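Dear colleague,

Please find the structure below, handed over for your records. My notes on what was found in it follow directly after.

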Amino acid sequence: MKKHSNVFVFGKEEPVVQAGPGITRKVLSYSDNMMICEIRLEKGAVLPAHIHPHEQSTTVLSGKLAYTVADETKEVQDGDSVWLAPNVPHGVSALEDTLVIDVFVPLREDFLP
């Protein structure tokens with residue numbers, strides 16, 4: 001059975017999930033083929049290194065992160081993007097309060113309610 005969000009998704013109406021200390025996630029639009037999420041990280045929050053079978057693109061809307069991909073760490077901020085191939089270890093530390101949009105291909109079923 002195909003999974004997808006409504007055609008119009010109003011972010012203010014979507015539930016916020018605590019994804020870790022100082023980290024919240026809101027699933028926005030999605031289909032079987034992709035998912036878009038809003039992630040907020042408080043300054044000092046850490047998302048430990050992890051992997052998943054999804055391709056991922058992160059775009060920083062505001063704030064600053066120390067983003068580690070495999071064994072390389074770079075500071076990324078407003079307007080910067082990071083692309084991740086499937087199964088590549090990655091993690092972040094929030095250097096400031098930060099808002100990002102994450103896009104996953106395909107859908108992350110583990111993020112669905």
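Helices (H or I, at least four residues) and strands (E, at least two) are DSSP runs, numbered from the N terminus. This is a predicted model, in which local features need pLDDT of at least 70 and side-chain atom pairs count only at pLDDT 80 or more, while totals for chains, interfaces and linings use all residues. Residues are numbered from 1 along each chain as its sequence is written, and side-chain values use heavy atoms, with hydrogens and water left out.

I begin with the segment before strand S1 (17–20), where phenylalanine 8 is found. Phenylalanine 8 counts as exposed because its relative accessibility is 63%; buried means under 20% relative accessible area, exposed over 50%, and partly exposed in between (1.4 Å probe, protein chains only).

The next topic is strand pairing, for which DSSP must find at least two bridges between two strands. Strands S6 (residues 64–69) and S7 (residues 72–77) run antiparallel and are joined by six bridges. Alanine 66 has glutamate 75 in S7 as its bridge partner. The hairpin of S6 and S7 has two residues between the strands, and alanine 70 takes a positive phi near 55° there.

Strand S5 (residues 55–62) also pairs with S8 in the antiparallel sense, over four bridges. Within this pairing, threonine 58 stands opposite valine 82 in S8. Strand S8 (residues 81–84) has Val82 and Leu84 on its covered face, with Ser81 and Trp83 on the uncovered one. The loop between S7 and S8 holds aspartate 80, which counts as partly exposed because its relative accessibility is 29%. Between the C-alpha atoms of aspartate 80 and serine 62, which are 18 residues apart along the chain, the separation is 9.5 Å.

Turning to charged side chains, a salt bridge is a side-chain nitrogen of Lys or Arg within 4 Å of a carboxyl oxygen of Asp or Glu. The count by this rule is six salt bridges. One of them joins the side chains of lysine 64 and glutamate 75 (3.9 Å, N to O). Lysine 64 belongs to strand S6 and glutamate 75 to strand S7, so this pair ties together parts that are eleven residues apart in sequence. Lysine 64 is partly exposed, at 22% relative accessibility, and glutamate 75 is exposed, at 56%. Lysine 74 and glutamate 72 also meet through their side chains in a salt bridge (3.6 Å, N to O); glutamate 72 is partly exposed, at 46%.

The last topic is the aromatic rings. Rings of Phe, Tyr and Trp (its six-membered ring) pair if their centres lie within 6.5 Å; planes under 30 degrees apart count as stacked, over 60 as edge-to-face and the rest as tilted. By this rule there is one aromatic pair. Phenylalanine 104 and phenylalanine 111 form an edge-to-face pair, at 5.6 Å centre to centre and 90° between the planes. Phenylalanine 104 is buried, at 2% relative accessibility, and phenylalanine 111 is buried, at 13%.

A charge sits over a ring if NZ of Lys or CZ of Arg is within 6 Å of the ring centre and within 35 degrees of the ring normal. Arginine 25 lies over the face of phenylalanine 111, 3.7 Å from the ring centre. The charged end of arginine 108 sits over the ring of phenylalanine 104, at 5.2 Å from its centre. Arginine 108 is buried, at 10% relative accessibility, and its side chain meets that of aspartate 110 in a salt bridge (2.6 Å, N to O).

With kind regards
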